[in-house]
Amino acid sequence: MSRIAGRWRWLGVGLILLGTGIAAAAVLGPLVLGVLVYRTSPTTLHQIAGGDAAALCVVAPATVAVGLLALRRDAAAPMLGLAPAVFALYTYTQLVVGNEHLRLPGNVEAFFPLLLGIFVLAGAVAVGAWNAAGARGLPPVPRRVRRAAGILLVAIAAFVVVVLHLRSYVDAVGGRPSSVAYLSSPTPFWLVKLMDLGIVVPAAVAVGVGLLRDRAWAVEPMYAIVGAYTLLGASVTGMAVTMVLRGDPEASAATLVGTALVTGALAAFCVVLYGPLLRPPRVAGLPVPAQPGIPSGRR
């Protein structure tokens, strides 16, 4: 087996194992078997169950499917594989760290090897996919698509700040907090704020502005961020649906509608963005030549 073939085989196996691990954690958690019990509040458990529904129905099958593409050395696999890897890094950081370990009942510590394995595997897949994607080259991205992606990413950053976090933050620091999520489980409350406002929003703004200013460096991160944020949007929508269905005091129909619309917009844009990746040439190692003046890879 050649060195290049071995890298593709490793990437495919890694993605399949990642998808399998994501599915296993979802089945073991509060959505299905309830064997894995997180040390957190009922509101956060509802959110985890909703996220697990999206992971089981959307993320895990997509990850395995991309893994199979990688085993076939399909040139689209590395860029497609970045999305579930970034999703898993974000999600399983919260599921490991966001517990009230000494205050609330649960047994999440017993499943730490599984959650850690998913996290480490996601990081390894992300690095491998990024390197393979850069070596392959990208098809030309029309300027209108890049501008649309830039506008969408900046709008998502504004949505996350204003709709998802501003009101609850103001409540938490107002002296008399009333949020059930904050009062019952402050660790995941602040962890999500840190990751969303410290990672998700800045990344979306930086890449979005880069695309609007026609910066070549923003093209490859665009693929990773749009795909990952689509999966994260599906997860947040699943949380909102679960909270509404279970009558959670923190449930909001407006948040449900907003997250569903944002996720739908991202999913529709993924069809436009990823479509050219799935067209010939399909053999890994044969880069698509860039059109003059249109960014198509790292420069």
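Partly exposed describes a residue whose relative accessible area lies between the buried range, under 20%, and the exposed range, over 50%. The structure shown in these views is a predicted model.

**View 1. A network of salt bridges joins R143, R146 and D214.** R143 has a relative accessibility of 45%, so R143 counts as partly exposed. The side chains of R143 and D214 meet in a salt bridge, with 3.0 Å from N to O. This pair links distant parts of the chain, as R143 lies in helix 5 and D214 in the loop between helix 7 and helix 8, 71 residues apart. D214 is also partly exposed, at 30% relative accessibility. A salt bridge of 3.0 Å, N to O, is formed by the side chains of R146 and D214 as well. Because R146 lies in helix 5 and D214 in the loop between helix 7 and helix 8, the pair ties together parts that are 68 residues apart in sequence. R146 counts as buried, with a relative accessibility of 4%.

**View 2. R39 and E109 form a salt bridge between two loops.** The N to O distance between the two side chains is 2.7 Å. R39 is buried at 16% relative accessibility, whereas E109 is partly exposed at 35%. The structure has four salt bridges in total.

**View 3. Y169, Y182, F189 and W190 are linked into a cluster by ring pairs.** A pair of aromatic rings is described by the distance of the centres and the angle of the planes. The structure holds five aromatic pairs. In the pair of F189 and W190, the ring centres are 5.1 Å apart and the planes stand at 85°, so the pair is edge-to-face. The cut-off behind this step is that planes over 60 degrees apart count as edge-to-face. F189 is buried, with a relative accessible area of 9%, while W190 is partly exposed at 33% relative accessibility. The ring of F189 has a further neighbour: the charged end of K193 sits over this ring, 4.2 Å from its centre.

**View 4. Y223 and Y274 form a tilted aromatic pair.** Their rings are 6.0 Å apart from centre to centre, with 40° between the planes. Y223 lies in helix 8 (residues 219-245) and Y274 in helix 9 (residues 253-274), so the pair ties together parts that are 51 residues apart in sequence. Are these two residues buried or exposed? Both Y223 and Y274 are buried.

**View 5. The largest nonpolar core holds 69 residues.** In soluble globular proteins, nonpolar side chains tend to be buried together. The members of the core that touch the most other members are I22, Y92, L153, M222, Y223, V226 and Y229. Among the elements that give two or more residues to the core are helix 1 (3-28), helix 2 (42-71), helix 4 (112-136), helix 5 (143-172) and helix 7 (186-212). Which element supplies the largest share of this core? Helix 3 does, with eleven residues.

**View 6. Y92 is shown with its contacts.** Leaving aside residues up to four places away in sequence, Y92 touches I22, A25, L115 and I118. Both Y92 and I22 are among the core members that touch the most other members.

How values were computed. Residues are numbered from 1 along each chain as its sequence is written. This is a predicted model: local features need pLDDT of at least 70, side-chain atom pairs count only at pLDDT 80 or more; totals for chains, interfaces and linings use all residues. Side-chain values use heavy atoms; hydrogens and water are left out. Rings of Phe, Tyr and Trp (its six-membered ring) pair if their centres lie within 6.5 Å; planes under 30 degrees apart count as stacked, over 60 as edge-to-face and the rest as tilted. Buried means under 20% relative accessible area, exposed over 50%, partly exposed in between (1.4 Å probe, protein chains only). Helices (H or I, at least four residues) and strands (E, at least two) are DSSP runs, numbered from the N terminus. A charge sits over a ring if NZ of Lys or CZ of Arg is within 6 Å of the ring centre and within 35 degrees of the ring normal. A nonpolar core is a set of buried Ala, Val, Leu, Ile, Met, Phe, Trp, Tyr and Cys residues joined through side-chain atoms within 4.5 Å. Contact means heavy atoms within 4.5 Å.
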